[in-house]
Amino acid sequence: MSAASPAIEPQLTNGAIVAKTPRPFVLARRTIITPILLSLLMIAIALLTMMTGSRPFNQVIIDVFLRVILVVGLYVFIGNSGVLSFGHIGFTCLGAYVAAWLTINPVMKKMAFSGLPGWLIKAQMPYWEAAIIAAIFAGLAALIFGRILMRLSGIAASIATFAMLAMINTIYSNWETVTGGTSSVVGIPIIRSIWPYLIAAIISIFIAWAHAISRSGLALRAARDEPTAAAASGIDIPRERLIAFVISGAIMGLGGALMAHSIGVVTPDTFYLGLTFITIAMLVVGGMGSLSGGVIGVVFLSALIQTLRWLEAGVSVGDIAFSIPKGLQEIALGIIMIIILALRPAGVFGNREISLTRNRGD
Amino acid sequence: MLQILFDALSLGSLYALGALGIALIFGVMRLVNFAHGDVIAFCVFALLWPSTDAMAIVFAGQLPWYLLVPFVLLCGAGLSVLCEIVVFRRFRTGNPATMMIASFALGFVIRYFLLMLFSSRPKSINLLPELSQPIEIFGARLPLLQLITIIVTMLILLGLTLFLRRTRFGLEMRAAAENFSMARMLGVRANRVIMGAFALSGALAGAIALIFGIQTGTADIQMGAAIMLMAFIATVIGGLGSLAGAVLAGFLLGAASVIMQVMLPIDARPFRDAFVYGAVILVLLFRPQGLISARGTKERV
């Protein structure tokens with residue numbers, strides 16, 4: 001995606017400078033191929049799963065789609081603003097608990113969450129409505145936190161988001177009457193079909209794309225690459241960052257709600273450092289500044305994790321069954337990540353996107 | 001009152017030592033080392049013989065203290081230098097985010113290596129039990145260990161200051177922290193300085209491991225993470241790259257935690273950490289460059 005093209009190019013006509021207006025949606029038309037290709041990749045994975053039809057594999061693919069949602073959410077903020085955020089999984093946590101509050105059977109809810117207001121205990125709605133509300137709730141939380149945090153930049157901002165994650169985790173682990181504390185919340189309806197996850201993943205890819213080519217997204221990327229010049233050209237950096245933060249917070253909330261439905265159980269510690277790092281790692285390995293990089297990073301690392309798990313469970317080749325010892329899966333994952341980063345420090349994709357035409361970095 | 005003061009100081013000591021370990025490395029190579037917490041855990045487990053039983057088989061832990069302490073410090077320093085040679089050397093020109101993720105991946109590798117050898121169950125260890133006995137000072141009953149923690153931390157800080165101010169190596173390290181390429185041009189050997197920083201930081205991790213291991217009496221592969229998080233935050237609040245700032249912020253964080261524990265109403269006490277983190281965000285808002293900003297890290301336009 002090139003940021004330079006839609007700029008109005010001055011032309012000299014009869015000695016006067018006349019601005020040439022660009023054709024409408026020229027940038028959208030040029031870049032739409034990227035989200036389409038990525039969506040096709042998702043659909044291909046889904047169809048492949050349909051054909052194999054095995055239950056455990058189904059769950060694996062659902063996890064892949066969930067991670068795609070989360071990593072795309074991260075990309076909207078981290079990729080466009082260049083500020084590394086460790087706090088986004090906090091929004092996932094908020095989203096997951098909203099889904100729990102809205103979809104669990106009221107009778108069970110009354111026992112588990114005695115501190116919730118009455119109307120919330122009575123509420124029970126289909127999962128997709130709950131997921132939308134979860135996204136809005138997480139987006140609002142991002143707006144509130146973002147108003148404060150977006151004034152920071154660089155490593156101070158990263159640490160502040162870290163502190164935010166730790167705050168959310170502490171509150172949700174200890175507010176027993178509302179969140180059930182550290183014990184797991186059960187009774188969330190489990191959705192086993194892969195389609196809702198696929199649709200949500202595709203929607204988030206398109207949201208991320210639309211944001212990236214919007215005026216705000218372009219301004220934010222300009223600010224990422226040249227903060228001083230961008231500020232001097234009249235870009236209000238905190239405001240653009242806040243917009244990206246809210247959008248990405250909402251996507252993370254959506255991912256959290258769906259994650260709750262995929263496993264049916266939530267605990268605050270599901271949404272803490274482990275998930276934070278695995279999602280950030282996927283984004284960085286794929287290429288931080290690229291939507292395609294994020295999505296393909298997820299697919300690639302998920303495939304790797306799955307293969308290693310499979311080896312850990314044991315494989316029989318002919319008569320000989322062999323398996324790798326426990327813990328080696330994570331060790332191998334870590335080593336492979338280090339090797340990829342050592343060979344390609346900017347991630348596999350860097351700033352580039354996949355598309356049919358020859359492509360330039362932005 | 002005195003009790004609170006000592007609690008704050010001893011908790012602060014742990015955070016300060018952790019923050020120092022991170023700040024040392026950040027100073028010379030702009031790397032936020034997430035693997036530091038796992039180096040701490042490794043040092044504790046170095047005292048045990050690998051086994052997956054619940055009962056810990058103490059191996060090196062049986063050494064008398066004058067051998068035990070150097071052994072743990074060496075373990076930390078050795079592992080840390082090894083990490084530098086095998087991994088971080090390849091990332092020296094990388095951008096900070098890449099280095100951070102690489103260090104995280106490395107921490108992951110160390111943690112699961114420990115898990116493979118020792119299983120994930122926390123083990124109880126009994127290190128130097130005579131240190132847990134309480135003693136009485138000015139009417140307050142304190143565990144001897146708390147006092148020793150504080151004294152040892154002070155000694156380490158003093159020693160480190162002398163080392164950085166008075167020796168040639170310390171001078172080189174400070175020069176490298178301020179302007180790395182300039183220092184190299186003036187004849188500071190990059191590899192030597194960076195390895196020195198890693199060794200020092202690893203030895204500090206060993207010291208934390210000893211104190212923490214004796215204090216809690218357990219060895220747990222997750223134990224590094226908790227200190228790490230606070231130390232990491234202390235490093236940033238103190239001003240990244242500033243050693244004095246890291247130490248100051250470490251003590252402040254320890255004090256804030258202990259004071260909030262005492263002052264907060266009972267209902268709010270479980271949320272203590274949330275208040276501490278809230279305070280961290282506040283501090284960052286008013287001083288985004290940290291309490292003491294290091295000279296070398298200012299952004300230039």
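1. Helix α9 of chain B covers residues 223-238, which makes 16 residues. From its first C-alpha to its last, α9(B) reaches 23 Å, close to the 22 Å expected at 1.5 Å a residue. These values, like those below, come from a predicted model.

2. How many of the 16 residues of α9(B) are buried? The count is 14, so α9(B) is largely enclosed by the rest of the structure. Just after the helix, G239(B) takes a positive phi of about 105 degrees.

3. Within chain A, two helix pairs can be described. Two packed helices are described by the angle between their axes and the distance between the axes. Helix α2 (residues 33-52) and helix α3 (residues 55-81) of chain A pack at about 165 degrees, with axes 10 Å apart. An angle over 145 degrees counts as roughly antiparallel, and α2(A) is therefore roughly antiparallel to α3(A). Their crossing is left-handed.

4. Which residues make the contact of α2(A) with α3(A)? From α2(A) they are M42(A), I45(A), A46(A), T49(A) and T52(A). From α3(A) they are F57(A), N58(A), I61(A), V64(A), F65(A) and V68(A). By class, this contact of α2(A) with α3(A) has eight nonpolar and three polar residues, and no charged ones.

5. The second pair in chain A is helix α4 (residues 88-103) with helix α8 (residues 154-174). The axes of these helices come within 8 Å and cross at roughly 30 degrees. Angles under 35 degrees count as roughly parallel, so α4(A) and α8(A) are roughly parallel to each other.

6. In the contact of α4(A) with α8(A), α4(A) supplies I89(A), G90(A), C93(A), L94(A) and Y97(A). The partners on α8(A) are M164(A), L165(A), I168(A) and Y172(A). The residues of this contact divide into eight nonpolar, one polar and no charged.

Terms used:
Residues are numbered from 1 along each chain as its sequence is written. Chains are lettered from A and ligands numbered from 1 in the order in which they are written. This is a predicted model: local features need pLDDT of at least 70, side-chain atom pairs count only at pLDDT 80 or more; totals for chains, interfaces and linings use all residues. Axes are lines fitted to C-alpha atoms, for helices over the stretch in contact, and angles run from 0 to 180 degrees between N-to-C directions. Helices (H or I, at least four residues) and strands (E, at least two) are DSSP runs, numbered from the N terminus. Angles under 35 degrees count as roughly parallel, over 145 as roughly antiparallel, 65 to 115 as roughly perpendicular and the rest as oblique. Two residues are in contact if their C-beta atoms, placed from the backbone, lie within 7 Å. Ala, Val, Leu, Ile, Met, Phe, Trp, Tyr, Cys and Pro count as nonpolar, Asp, Glu, Lys and Arg as charged, and the others, Gly among them, as polar. The expected span of a helix is 1.5 Å times one less than its number of residues. A residue is buried if 20 or more other C-beta atoms lie within 10 Å of its own, exposed if 12 or fewer, and partly exposed in between; C-beta atoms are placed from the backbone. A crossing is left-handed if the near helix is turned anticlockwise from the far one by less than a right angle, and right-handed if clockwise.
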